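Subject: Structure handover

Hello,

Here is the structure I promised to pass on. Please open it first, then read the notes below.

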Amino acid sequence: MPKSKERPQGHMSVCQEQKKGKHCPQRHKSIRQEQYNSKEILNLAVSMGEELLKNGGEIYRVQETVGRVMEAYGVWDYHVFVVTNGIFATVHEQGDDAGSMVRDVPLGDINLEKIAGINQLSREICQGSCSLKEAYRRLEQCKSASPLRDAFLVLACGVESAGFCFLLGGTPFDSIFSFLLGLLLQAFLVAGTRRNVSKFLLNILGSAWVTAGSLMLYGMGLDVQSDRIIIGGIIVLMPGVALVTGIRD
């Protein structure tokens with residue numbers, strides 16, 4: 001922890017105008033006319049941030065959403081710190097209704113529909129058109145968004161494998177085999193996930209299966225580039241959203 005007085009990068013400051021004795025912006029006036037418990041507001045804001053982070057949202061966007069939601073409901077004295085797998089937040093550190101919250105957020109299955117729904121909810125809250133009770137109801141709707149169908153996911157991963165194989169120097173003939181291996185790999189991952197098999201073990205077995213399949217094609221005397229097929233096949237195992245999010249953050 002640095003000894004300087006500068007706040008860490010992940011720290012969300014409170015309203016500076018309030019600290020100087022000025023009035024805060026009036027854009028949330030219609031919501032702030034109602035009196036809400038700050039702990040309920042904190043729980044809503046952190047729950048929205050948790051769902052964003054769980055589905056691959058960027059850290060800075062999660063932190064910004066949590067802060068704006070609390071300000072929209074009239075909470076200005078707060079602190080928020082977000083990391084890749086957790087959210088730490090406090091409100092009214094010197095007040096009677098002070099509260100703090102820590103959420104452990106493991107990365108789940110990516111669902112961009114949930115992110116889009118929560119982003120829209122956040123906009124409506126900031127516009128002052130959504131009460132706290134309505135926001136909780138809408139958040140539950142976003143959480144219950146249906147996941148992608150397994151058949152569609154398997155097909156998409158096969159196309160992804162074929163595309164990457166071709167982009168990385170493979171021939172159309174190589175891409176066909178990479179497509180098939182990608183299909184089988186994703187079907188294996190879906191079946192293993194349903195049986196609660198460790199993700200670490202699934203990744204090892206899946207990559208071994210793709211490698212063995214590619215070497216079998218090469219051993220059969222087919223004119224294929226096994227390294228391109230392997231790379232295209234195991235690209236499905238790459239945590240793409242987490243990687244891109246980490247680079248952006």
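**A strand pair**

Strand 2 (residues 78-83) and strand 3 (residues 86-91) pair in the antiparallel sense, over six bridges. Strands count as paired if DSSP finds at least two bridges between them. Helices (H or I, at least four residues) and strands (E, at least two) are DSSP runs, numbered from the N terminus. A hairpin of two residues joins strand 2 to strand 3. His79 has Thr90 in strand 3 as its bridge partner.

**Before you go on**

This is a predicted model: local features need pLDDT of at least 70, side-chain atom pairs count only at pLDDT 80 or more, and totals for chains, interfaces and linings use all residues. Residues are numbered from 1 along each chain as its sequence is written, and side-chain values use heavy atoms, with hydrogens and water left out.

**Salt bridges**

The structure holds nine salt bridges. Each is a side-chain nitrogen of Lys or Arg within 4 Å of a carboxyl oxygen of Asp or Glu.

- Glu51 and Lys114 meet through their side chains, at 3.7 Å from N to O. This pair links distant parts of the chain: Glu51 sits in helix 3 (residues 38-54) and Lys114 in helix 5 (residues 112-126), 63 residues apart. Both Glu51 and Lys114 are buried. Buried means under 20% relative accessible area, exposed over 50%, and partly exposed in between (1.4 Å probe, protein chains only).
- Arg61 bridges to Glu58, with the closest N and O atoms 3.3 Å apart. Arg61 is partly exposed at 30% relative accessible area. Glu58 is buried at 11%.
- Glu134 bridges to Arg137, with the closest N and O atoms 2.5 Å apart. Both lie in helix 6 (residues 132-143), three residues apart, about one turn of the helix. Glu134 is partly exposed at 28%. Arg137 is partly exposed at 41%.

How do helix 8 and helix 9 run relative to each other? The axes of helix 8 (residues 172-194) and helix 9 (residues 199-219) come within 10 Å and cross at roughly 155°. Axes are lines fitted to C-alpha atoms, for helices over the stretch in contact, and angles run from 0 to 180 degrees between N-to-C directions. Helix 8 and helix 9 are therefore roughly antiparallel, a term for angles over 145 degrees.

Contact means heavy atoms within 4.5 Å. On the helix 8 side, the contacting residues include Phe177, Leu181 and Phe188. On the helix 9 side, they include Leu202, Trp209 and Leu217.

Best wishes

Note on methods
Angles under 35 degrees count as roughly parallel, over 145 as roughly antiparallel, 65 to 115 as roughly perpendicular and the rest as oblique.
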